[in-house]
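The sequence and the structure come first.

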Amino acid sequence: MISREGIIKINNTYNKNIKKEKETKKNNFTLYKNIIITILSILGSFSIFFSYTLPFVFGISAFIIYKEELSNIPLVLMVIITSFTLGISSGIRLIFSILLMFVLNRNYIINSNKATYACLSSVITLFSGLLMNYIAKNPPINNMYCALEALSLVIVFFIFDTAYNLIENINLKKEFSSFEALSLGVVFSIILLGTADINIFTLSVAMIFTTFLLLFVATYFSLSLCLSFSLVSSILLTLRGGFDTDIILIFTVACLFASMTKNISKITSTLIFGFTALTLSCYINKSIMFTVGIKEILIASVAFLIFTAVFNDRIMAFLSSTETIDHGNIFNNAIKKTIKEEIENKKNMINEVSYNITLNNKDKNTNVTKSICKVLTADICTNCENFHKCWNEEGEDTFVNFSQVILDTYNGTITSKKDLPKSFINKCKYNFFMFKSTSYLCDNLKLKKEYNDKLNKFKSLMKIEFNSVNKTLDNIYNNIKKGLNYFSSDEKKVKEGLFSMGIIVKEAVILEDFQGKIKTYLKTGKRLSSEEYRITVPLLLSEILGKNIMYDYNSYTEQAFEAFEYTFTERMPYSLSVGVRREKKENREECGDNYSNIVLPTNTHLIALADGMGSGEKANKQSERVLNLLEEMLSCGSGEENSVNMINSILSLEEDEIFTTLDVVLFDLYNAEAEFIKAGALESYLKRDGEIMDLTGEALPIGIIENINLATEKLKLKNNDYLYLISDGFLEAFSDDRELIKQKIQNMEYRNPQKIADELFNEAYARSLGKLKDDVSILVVKVREEIAG
């Protein structure tokens, strides 16, 4: 089960410190790897078998070229040493082989397949050897040596690749397979073989190294690994020459006894190793003569005890410690991705709303009569010779008379000169000019009033939206403040479990997102196969986390340098399978119906059917626009009814008449609760255990009036329930016979929702004699209860 061990707190300094620390560790680790490879390359160049054969040089070269992160300096050193030990011709051959391997590694297809690369590199090695032997006219036996080198390249390449991965992840290993133990044994032996000819004051350096390293492995690692080391190293030393075959038995038995007594004390196991080696040596020789040097064993034993006394704590900490939680880039990406999803959803919704609304300048409401009187008296009446008489002597009568003309013109009662009252015609010398000016000003005021009305609606709409934005931002802030739950001990188990399956995980992050869903982010050193990321990894994660885990198909695989990132998410207890069939009205280019079928970030599955007014392109755009707005608003956490009401307000702002029916199902993937929302939509049908239930709701389509009352209903659904959402075109095809539709649904025996939708459409199409009178849409939804596994 999941063990909660901490809450990640995000702050401004975290990223900078972690990034700097990780870069330093990465650079240091790369430096150590290059130093080790360089040492092994030098010693491998001195490991010459049968006076001519280099079993390690070509394999190490192929491995270094394949691992682009490693330095090429060891290649230069191997060429120099080979030229010195075996002659210029061997050095030229090695250069020729290395250059061809570089060319080979440039090919993406070959580089992505280790086996192909290793085999082709082996062919290059064989070809270069045969060519050099032909040119130099070497004896035929040399061709056999070349074949052995080509064969050893494949073996050494995979041995180094395995050992390299094991050393990188040594603290994850508790048990070693046979090949893993063999690989480490061969790498261990290269150190011994490279020093086989070195003697200091008659003391064999190879024997000292052999004893020291065997004691180290026997003390700190498993018995199987210890025996593998002793067998491989002693056999290779014997084949190399200069050592008796008796050391195979002597070292193997000594390692066995030392490993069996390591729990007593290091001094005890060391004494038993030396005593066993010397005793067997005397027994084999039938006298007090030692196959292994007593001085070498004594020096190695003392050096081992001093070394472990000084560095024991560090060695144990490295081999058995729990990794420091330093998730680096993938950790930061996981947090950023989770927060970004929250913010981006809201931004998309705001953009969608902004796209559908045009902001107009604010204009104050004005008094019609006073406003027009003020303008016309100033521009026209003041230039008239009757101004004094009209506005001074008979001012009140003139104002009443003119005000009535203005109001009648504004209201449409007066539309021409003949509609003007006689009292106004007799009184005003410029009556026609005054009428035309009044009419013009009235039209302008009407336009301004329309703009003001729209602006007020817009302001009301935006007030609601800004409140929603504030709530969302508050939620985001609270989520960030609260932090993300992460599970460090489970990350360790995941890495160990996948490592045992041959999948090396460089980094792992397991966290709980803001909706309470468990997500796992893995960074691997290789591209996972389809079976691995679809089946193998989810099964292991499910077992460790106690949740039903699946690969997140909505995510994408990010590829960095020798790293691939995969996302796995918690599978919800329930899911929906949806079958859809929609067809346009006869002689129309597009269907006016549209539908939504998406899983929202809130772990809710949205199913919606929208029928635009009429049919064709215009209706299609109307219904599509409504669904786009609905998806974006619900995705950012806006309430269902609030979202629909906002869409209704947006549509009501349009000059053209736009209305759309809306049939919505919001299904909670956690508890199987469904909320049904209807705005002018037909009844839906629920089929459960062979029985049919009507899901009805009386409400106007959205976009007709400013404030609408939605029809809502909540219902708990069960496994194998079927929902049927239909448009009015489907009902019309059945001549509005609802009972017949329910009978057809009840008699439907298919389990596949898509097959059911197709069959119902075929029935409707046949009843329409192949000529649909309206757009037809059918959505069939099946409820599935997921089985944990």
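## The nonpolar surface patch

Helices are DSSP runs of H or I with at least four residues, numbered from the N terminus. The model is a predicted one, and its helices H4 (88-106) and H6 (114-136) each supply at least two residues of a nonpolar patch. That patch covers about 610 Å² of surface and is made by Phe96, Leu100, Phe127, Leu131, Tyr134 and Ile135. Helix H6 gives the largest share of the patch, namely four residues.

Phenylalanine 96, one of the residues of the patch, is found in helix H4. Its relative accessibility is 34%, so phenylalanine 96 counts as partly exposed.

A disulfide is a covalent bond between the sulfur atoms of two cysteines. The structure holds zero disulfides, and cysteine 373 illustrates this: the nearest cysteine sulfur, which belongs to cysteine 381, is 8.4 Å away, whereas the cut-off for a disulfide is a sulfur pair within 2.5 Å.

Cysteine 373 is buried, with a relative accessible area of 6%. Cysteine 591 is likewise buried, with a relative accessible area of 9%.

Rolling a probe the size of a water molecule over the atoms shows where empty space is left. When the whole structure is searched, three cavities of 30 Å³ or more are found, and the largest cavity holds about 180 Å³ of space. This largest cavity is lined by 16 residues, and those closest to its centre are Cys381, Cys390, Trp391, Cys428 and Met434. Helix H16 (387-393), helix H17 (395-411) and helix H18 (422-427) are the elements that give two or more residues to the lining.

## Salt bridges

The count of salt bridges comes to 16. One of them joins the side chains of lysine 427 and aspartate 397, with an N to O distance of 3.9 Å; the cut-off for a salt bridge is 4 Å. Lysine 427 lies in helix H18 and aspartate 397 in helix H17, so this pair ties together parts that are 30 residues apart in sequence. Helices H17 and H18 are also among the elements that give two or more residues to the lining of the largest cavity. At a relative accessibility of 49%, aspartate 397 counts as partly exposed, given that exposed means over 50%.

Arginine 738 forms a salt bridge with glutamate 683, and their closest N and O atoms are 2.4 Å apart. Because arginine 738 lies in helix H25 (residues 738-746) and glutamate 683 in the loop between strand S14 (673-679) and strand S15 (684-688), the pair ties together parts that are 55 residues apart in sequence. Arginine 738 counts as partly exposed at 34% relative accessibility, while glutamate 683 is buried with a relative accessible area of 13%. In another salt bridge, the side chains of arginine 688 and aspartate 721 meet at 2.7 Å, N to O. Here arginine 688 lies in strand S15 and aspartate 721 in the loop between strand S17 (711-716) and strand S18 (722-726), so the parts that are tied together are 33 residues apart in sequence. Arginine 688 counts as partly exposed at 22% relative accessibility, whereas aspartate 721 counts as buried at 2%. Elsewhere, Asp694, Glu739 and Lys742 are linked in a network of salt bridges.

## Backbone and loops

Most residues other than glycine have a negative phi. Alanine 672, which is not a glycine, has a positive phi of about 65°; this alanine is found in the loop between strand S13 (660-668) and S14, and at 0% relative accessibility alanine 672 counts as buried. Aspartate 736 also has a positive phi, near 60°, and lies in the loop between helix H24 (728-733) and H25.

A further loop position is that of asparagine 587, placed between strand S10 (574-583) and strand S11 (593-600). Asparagine 587 has a relative accessible area of 74%, so it is exposed. Although asparagine 587 and glycine 616 are 29 residues apart in sequence, their C-alpha atoms are 9.1 Å apart in space.

Note on methods. Residues are numbered from 1 along each chain as its sequence is written. This is a predicted model: local features need pLDDT of at least 70, side-chain atom pairs count only at pLDDT 80 or more; totals for chains, interfaces and linings use all residues. Side-chain values use heavy atoms; hydrogens and water are left out. Buried means under 20% relative accessible area, exposed over 50%, partly exposed in between (1.4 Å probe, protein chains only). Patches are made of residues with over 30% relative accessible area and no salt bridge: like charges are joined within 9 Å, nonpolar side chains (Val, Leu, Ile, Met, Phe, Trp, Tyr) within 5 Å. Accessible areas come from the Shrake-Rupley method with a 1.4 Å probe; for residues, only the protein chains shown count as cover. On a 1 Å grid over the protein atoms alone, a cavity is a set of points where a 1.4 Å probe fits but cannot get out, and a pocket is an open set with protein on both sides within 12 Å along at least five of seven lines; lining residues have an atom within 4 Å of a point. Grid points are joined across faces, edges and corners, and a volume is the space filled by probe spheres set on the points.
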